[in-house]
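This report is intended for a reader who has the sequence and the coordinates to hand. Please consult the structure below while reading.

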Amino acid sequence: MQQATELKEDGQPVLTTVPPKQPDPMKKKAQLKKNLVGWAFVAPTVLFVIAFIYYGIFYNAYHSFFSWDGISFEKVFVGFDNFARMFRDPEFYSALKNTGIFTVLTVSVQAGIGLVLAYLLHTKGAGRTFFKSVFFFPVVLSPVVLGAAFSQIYDFQFGYINEFLRAVGLGALAQNWLGDQDVALYSIILINIFQWTGSSMIMYYMAMLAIEREVFEAANIDGAGFWRTLWSVVFPNLKGTTFTLTILGVIGGLKTFDIVWISTQGGPGNSTEVISTYLFRKSMLHQEVGYASALAVILLIIALSITYFQTRVQKKMD
Amino acid sequence: MEIQTKKGRWLTNIGLSLMAVIWLFPIFVMFKESLRVNGFSNYIATLQNPNFPQFVFNSFIVAFFMITISITFLAFAAFGFSKLQFAGKRLLFNLVLAGLMLPVASLIVPLFFTLRTLDGLNSYWGLIGAEVAFFLPFGLMLIKSYFDELPNELMEAAHIDGATTLQIFYKIMMPLAKPALATATIYAFLNSWNEYLLVLTFMTDPAKQTVTMAPTFFTEALGGDPGKLYASLVLISLPTMVFYIFFQRFLQKGMTSGAVK
C-alpha cells in the first residue's frame with residue numbers, strides 16, 4: 001500500500017509524493033524487513049496449524065487410496081475403491097441422513113427459541129439478567145455432564161419424563177427415549193438444542209440491542225402487537241445474525257460427536273449414527289483406516305463447500 | 001422495550017420463569033442424583049477414590065499448558081495479522097481460519113497414527129498439541145477482531161518515537177488487548193476442560209485421562225453406584241460453573257465478536 005507518508009525502519013518519516021518507478025534497493029530492503037517481521041509474528045500459529053491440521057488433511061487424502069488396518073506395516077493400494085464402497089454403503093447414507101436431520105432441526109429450533117427468548121429478555125422487567133444467565137449456562141457444561149443428566153431424564157422405567165407422563169395419566173405416551181430406534185435421534189437433538197440455544201439467544205440479543213429504538217416505536221404507533229412486531233419488524237432486521245447462526249449451526253452439526261457418543265454411541269442399531277461417530281467407529285473400533293480416511297475426505301469436502309457457499313452469500317449480503 | 005398491558009407483562013414473566021425452570025431442571029437432576037442413597041458421603045467417596053484426583057490433576061496440567069501455549073501464540077499472531085503489513089498475509093490468515101470448519105473427527109486418523117509413531121499416545125504433549133491446534137483458529141478470530149478495533153494511530157505515534165515493532169507489541173498493544181486475551185483464555189479453558197473426543201482417542205491409560213473420562217471410568221469401576229457417578233459429574237462441573245459465574249460477560253461478548261467476521 002502506498003501512503004503519502006512512509007516510515008523508514010529507523011523511524012524517520014520520509015515524504016514520498018510519487019511512488020518511484022524504479023525499484024529502490026533501500027525500499028526493497030525495508031519491504032523485506034517488514035515481511036520478515038510480520039512472518040515472525042504469525043509463524044508459531046501458522047506452522048502449528050499446518051503441522052496438525054494441514055498435515056492431517058494430506059495424510060487422509062493419501063490413505064484414502066489404501067486399504068489398511070492400522071496395525072500391519074502393509075498398506076494395499078486400492079485406487080478409488082474406498083470411495084466407490086462409500087457410495088454403496090447404506091450405513092454411510094444413514095449417517096449422512098442422520099447428520100442432516102440433526103443439523104436442520106438443531107439450527108431451526110435453536111434459532112426459533114433463541115429469537116423468542118432474546119425478544120422476551122428485551123422487555124422491561126425483573127430478573128432479566130438472571131434469566132439470560134440461566135439460558136446461557138449450558139453452553140459451558142461438558143457434554144459428558146449433560147449426557148448423564150439426560151440419561152436420568154430419558155430413562156424408560158424411572159426417568160423423569162415417563163414418570164411425569166404416567167402420573168398425569170398419559171402413560172401411553174411414555175417412550176424408551178434413547179432406546180427406541182425411531183425416537184433416539186430426536187432425543188439427542190433435544191439435548192443439543194438445550195445446550196446451544198443460549199448461544200443463539202445471546203447473538204440475537206446483542207443484535208437486537210443494535211436495532212434503533214425508533215423502529216420499535218414506529219411499530220408500536222402503527223398498532224403492531226407484541227408478536228407481530230417480532231415477526232415483521234425485528235426478525236427482518238436480524239437477517240445477518242440468522243445467516244451467521246445458520247452457518248455456525250451447519251458446521252456444528254457436521255462436527256457433532258460428543259453428545260451422540262455419550263448418549264447412545266450411535267445406537268440402537270445405527271439409528272443415531274452421524275458422520276463423525278461413523279468415522280470414529282470405522283477407524284478406531286473396526287480398524288478400517290483407509291475407509292475412514294476416505295470418509296474424512298468427503299466430510300472435509302462437505303465442510304469446505306459450505307464455507308465456500310457462506311463466503312459467496314456473505315459477499316452478496318454486504 | 002416496554003410492554004403496555006399488565007396482562008402482557010405477567011405473561012412475559014411467567015413465560016420466562018417457565019423456561020428457566022426447564023433450563024435448570026437437568027442441573028437440578030444432576031445434583032439430586034449425586035445425593036442418592038448416601039447423601040454427601042457420595043462426594044467424599046468420590047474424592048477419596050485415588051483415580052479422581054488424578055483425572056482432575058491431568059485436566060489442570062493439560063489446560064494450563066494448552067492455555068499458555070495458545071494464548072502466547074495467538075497474541076503474536078493476532079497482532080501480526082491485524083496491525084502489520086507483510087506478503088501473503090491474507091492467504092496465511094485464511095489458511096488458519098479455514099481450520100474453524102474442520103470437524104475434529106475428520107482428523108483423528110492422522111493424529112492418532114502420527115502420535116502413535118512419535119510415542120505421543122497417552123502423553124500430555126500429544127493431547128495438548130492437538131487441543132492447541134484446534135483452538136488456534138477460533139482464538140485468532142476472537143483476538144484479531146479486537147485488535148482490529150484498536151486505532152492504528154497509537155502504533156504510528158510510537159513508531160515515530162522510535163519504538164520497534166516488538167516494543168509496540170509488548171508495551172502498547174498487549175496492555176490494551178487484555179480483555180480479548182482474557183476472553184480467549186476463558187474459552188481455551190472451557191475447550192480443554194470439556195474436551196472429549198481427543199481424550200477418548202489418545203488416552204487409553206486411565207492414569208493419563210482427563211475429567212471427561214471420569215464418568216465412564218466410574219461407571220465401569222463402581223458399576224451400579226449412580227450416586228458416586230453423579231457426584232463426580234458435579235465435581236468436574238465445579239470449575240466451569242465458577243468460571244461461568246465470574247466471567248459470563250466475557251463469554252457472551254466473545255460469542256458475538258467471534259461470529260461476526
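The model is predicted. Chain B contains 12 helices and 0 strands, and from the N terminus on its elements run α-α-α-α-α-α-α-α-α-α-α-α. Along the principal axes, the C-alpha atoms of chain B fill a box of roughly 70 × 70 × 30 Å. Of the 261 residues in this chain, 44% are buried. Among the contacts in chain B with a separation of 6 or more, 82% are between residues 24 or more positions apart.

**Contacts between the chains**

In the contact between the two chains, 76 residues of chain A meet 76 residues of chain B. On the side of chain A that touches chain B, the elements giving two or more residues are α1, α3 (90–121), α4 (128–136), α5 (143–154), α7 (184–209), α10 (239–255), α12 and α13 of chain A. The largest share of that side, 19 residues, comes from α1(A). By class, the side of chain A that touches chain B comprises 52 nonpolar, 20 polar and 4 charged residues.

**Helix α5 of chain B**

Helix α5 of chain B spans residues 108–117, and its buried residues are I108(B), V109(B), P110(B), L111(B), F112(B) and L115(B). Which elements cover the buried residues of α5(B)? Both chains take part: the cover includes α1 (25–63), α12 (275–285) and α13 (289–317) of chain A, together with α6 (124–149) and α10 (197–202) of chain B. After α5(B) comes D119(B), whose phi is positive.

**Backbone features**

Most residues other than glycine have a negative phi, and most peptide bonds are trans.

| Residue | Phi | Loop in chain B |
|---|---|---|
| V37(B) | about 65° | between α1 (6–34) and α2 (41–48) |
| D119(B) | about 60° | between α5 and α6 |

Are these residues buried or exposed? V37(B) has 10 other C-beta atoms within 10 Å and is therefore exposed, the cut-off for this class being 12 or fewer. D119(B) likewise counts as exposed, because it has 9 C-beta neighbours inside 10 Å.

In chain A, a cis peptide bond joins G267(A) and P268(A), with an omega of about -10°. P268(A) lies in the loop between α11 (258–263) and α12 of chain A. Helix α12 of chain A is also among the elements that cover the buried residues of α5(B).

Note on methods:
Residues numbered from 1 in each chain as written. Chains lettered and ligands numbered in written order. Predicted model: local features only at pLDDT ≥ 70, side-chain atom pairs only at ≥ 80, totals over all residues. Helix = DSSP H or I, 4+ residues; strand = E, 2+ residues; numbered from the N terminus. Buried ≥ 20, exposed ≤ 12 C-beta atoms within 10 Å, placed from the backbone. Contact = placed C-beta atoms within 7 Å. Nonpolar A, V, L, I, M, F, W, Y, C, P; charged D, E, K, R; others polar.
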